[in-house]
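Please open the model in a viewer and keep the selection panel at hand.

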Amino acid sequence: MALQWLILTYVVAAELVVALLLTLPSPKLVKSRIVSLVSLILQPAIGIVPFAAFQLLDIYWKSEHRLMCTSDVCTAAERDRSEKSIYKSQRNIILCTSACLIYWFVYRICKYHKDVQKLEEVEKRYKDQ
């Protein structure tokens with residue numbers, strides 16, 4: 001069961017590295033190469049969004065059907081196990097939402113850079129005429 005969370009953690013880490021590379025100042029040629037490479041990677045990487053959404057639905061379903069340990073009949077170990085499960089669910093929710101948000105940030109940064117390049121080309125054409 002922990003394999004999907006490990007994969008999602010690595011994906012979020014990779015997305016953060018890509019977002020950092022895109023936002024660091026660099027020469028125009030290097031930046032355009034990085035943006036074009038990341039743009040090629042973004043299309044197949046969209047699969048992380050439905051994966052994270054499915055994991056969120058799974059967490060929601062499990063939280064709705066979880067046995068709550070609130071009475072005095074529960075032992076301390078059962079209460080600890082219940083609290084640990086809740087904390088893990090909260091951590092995984094943060095992980096899923098960050099995967100989707102960071103993917104969106106990277107997509108928008110790439111789109112922004114492409115729009116700026118197009119505007120620079122249009123401006124250059126107008127100057128040449």
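Select α1 and α3: α1 passes α3 in a left-handed crossing, meaning that the near helix is turned anticlockwise from the far one by less than a right angle. Helices here are DSSP runs of H or I of at least four residues, and strands runs of E of at least two, numbered from the N terminus. The two axes come within 12 Å and cross at roughly 135 degrees, with axes fitted to C-alpha atoms over the stretch in contact and angles running from 0 to 180 degrees between N-to-C directions. α1 and α3 are therefore oblique to each other, the class left after under 35 (roughly parallel), over 145 (roughly antiparallel) and 65 to 115 degrees (roughly perpendicular).

The model is predicted, and local features need pLDDT of at least 70, side-chain atom pairs 80 or more, while totals for chains, interfaces and linings use all residues. Residues are numbered from 1 along each chain as its sequence is written, and side-chain values use heavy atoms, without hydrogens and water.

Next, select residues 6-25, 37-57 and 92-110, which an unreviewed UniProt entry records as "transmembrane region"; such annotations may be inferred rather than shown by experiment. Residues 6-25 are 90% helix and 0% strand, with end C-alpha atoms 31 Å apart. Residues 92-110 are 100% helix and 0% strand, and their end C-alpha atoms lie 27 Å apart.

Finally, display α1 (3-23), α3 (48-64) and α4 (76-128), each of which supplies at least two residues to the lining of the largest pocket. The largest share, 5 residues, comes from α4.
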